[in-house]
Amino acid sequence: MSEQTQEPGRSEPRRVVVAGAGMAGVQTAAALREQGFTGTVTLIGAEPHQPYDRPPLSKAVLLGTAEGSAFDVDFEDLGIDLRLGCEVLGLRPADHALDTEAGPVPYDVLVIATGAEPVRLPGSDGVPGVHLLRTLDDAERLRPVLARQQDIVVAGAGWIGAEFATAAREAGCAVTVVEAAQRPLAEALPAEVTAPMTAWYAEAGVVLRTHTRVARVEPGTVVLDDGSRLPAGAVVVGIGARPATAWLAGSGIELGERGEVVADRHLTTSLPDVYAVGDCASFPSGRYGERLLVHHWDNALQGPRAVAANILGSATGREPAVYDPVPYFWSEQFGRFVQYAGHHADADRTVWRGDPAAAAWSVCWLRGSRLVALLAVGRPRDLAQGRRLIEAGAAMDAELLADPARPLKSATA
């Protein structure tokens, strides 16, 4: 994909429209104002609720310790035109218009921030008792299920499955997690790293059934593909997410093999005056030498700053900002705080810090001598220091790195 170029001296756009009112969309709108944009900013969200943060949905909101997680943003004070309960339906780039349920919305610059949508369990549409956990409404529907302490089957032992199972056990429910792969987090981490995590399920009183799938859901029962039957007052599906980009069909925008908007290193797309950010977009990483699609909160927080800078910079001829972050995410599951920074796909060496059977340990991935990724369980200092070392491209001494008593920053070569 060729990168767009803007003519120096081009006037500042008068109308920026942001499609999607999740973290990426809200942060884009706010960053435009923070960076001095004075034109019209319109933020369009499909849900009727005030824009909210998603991580608390699987924790405080689900357990009823918080009623919501609305962003602390005064949209009126920032002069942001917030249009809620308005689904985007299509894009007509030749007309510079976004089609919505409420009619067309013209733009000078469009930012696509429609995020991702959960993958549904095949054959489960309309089946009573089958739940997703992506939206505030999903969490509110699940809250009374947990309060009744029903038997729950979770489909998927990924991050969201583990977090929901944690909350359900805390609520007193009997929980069985069913995973098609042979281990939890099979798509996210190597087998040697997930092996100690498997024990966390049993420690928490969760039954983990791997290498099996949900064949069908009957009233009060889940039938697995091996013929076994599990009691289930509710089934919660956490088998992944995909970019929410179906509405872009026919627009001519370039989509990747995973259905995501293909953005360049400035987060511009193949269409003029259209940017993409957050869970719905992939970008080329010079740091890792491949295109990344990152479905995590920090990406939706950091990317909008680059988008806002490039929207404003296009009018002044400033050098465009390059977006090439060290990916970061965290998960709270089974009494443990798990953090990950970097991208380990092309690492050629793994170094452990501490005993994975203990409460706190870390794993470092090296390419040559350079630190490229780190997973920390209960060791936030390792994560903080490691993230900075990854950003700096620091070379490490593997022998020093393996000593968990040594601060990670002092293990450089």
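Mentor: We begin with the radius of gyration, which is taken over C-alpha atoms, and with the globule rule, which is 2.2 Å times the number of residues to the power 0.38. Keep in mind that this is a predicted model, in which local features need pLDDT of at least 70 and side-chain atom pairs count only at pLDDT 80 or more, while totals for chains, interfaces and linings use all residues. Residues are numbered from 1 along each chain as its sequence is written, and side-chain values use heavy atoms, with hydrogens and water left out.

Trainee: What makes the radius of gyration of the chain agree with that of a compact globule?
Mentor: For 413 residues the rule gives a radius near 22 Å, and the chain has 22 Å, so the two agree. Along the principal axes, the C-alpha atoms fill a box of roughly 60 × 60 × 35 Å.

Trainee: Why is Tyr201 called buried?
Mentor: A residue is buried under 20% relative accessible area, exposed over 50% and partly exposed in between, using a 1.4 Å probe and protein chains only. Tyr201 has 2% relative accessibility, so it counts as buried. Phe334, with 10%, is therefore buried as well, and across the chain buried residues make up 50% of the 413 residues.

Trainee: Why is the pair of Tyr201 and Phe334 called tilted?
Mentor: Rings of Phe, Tyr and Trp (its six-membered ring) pair if their centres lie within 6.5 Å, and planes under 30 degrees apart count as stacked, over 60 as edge-to-face and the rest as tilted. By this rule there are eight aromatic pairs. In the pair of Tyr201 and Phe334 the centres are 4.7 Å apart and the planes stand at 55°, so the pair is tilted.

Trainee: What makes this pair a tie between parts of the chain?
Mentor: Helices (H or I, at least four residues) and strands (E, at least two) are DSSP runs, numbered from the N terminus. Tyr201 lies in helix 5 and Phe334 in the loop between strand 22 and strand 23, so the pair ties together parts that are 133 residues apart in sequence.

Trainee: How do you know that Val206 is buried, and what is it in contact with?
Mentor: Its relative accessible area is 4%, so Val206 is buried. Contact means heavy atoms within 4.5 Å, and, leaving aside neighbours within four places in sequence, Val206 is in contact with residues including Ala165, Tyr201 and Phe334.
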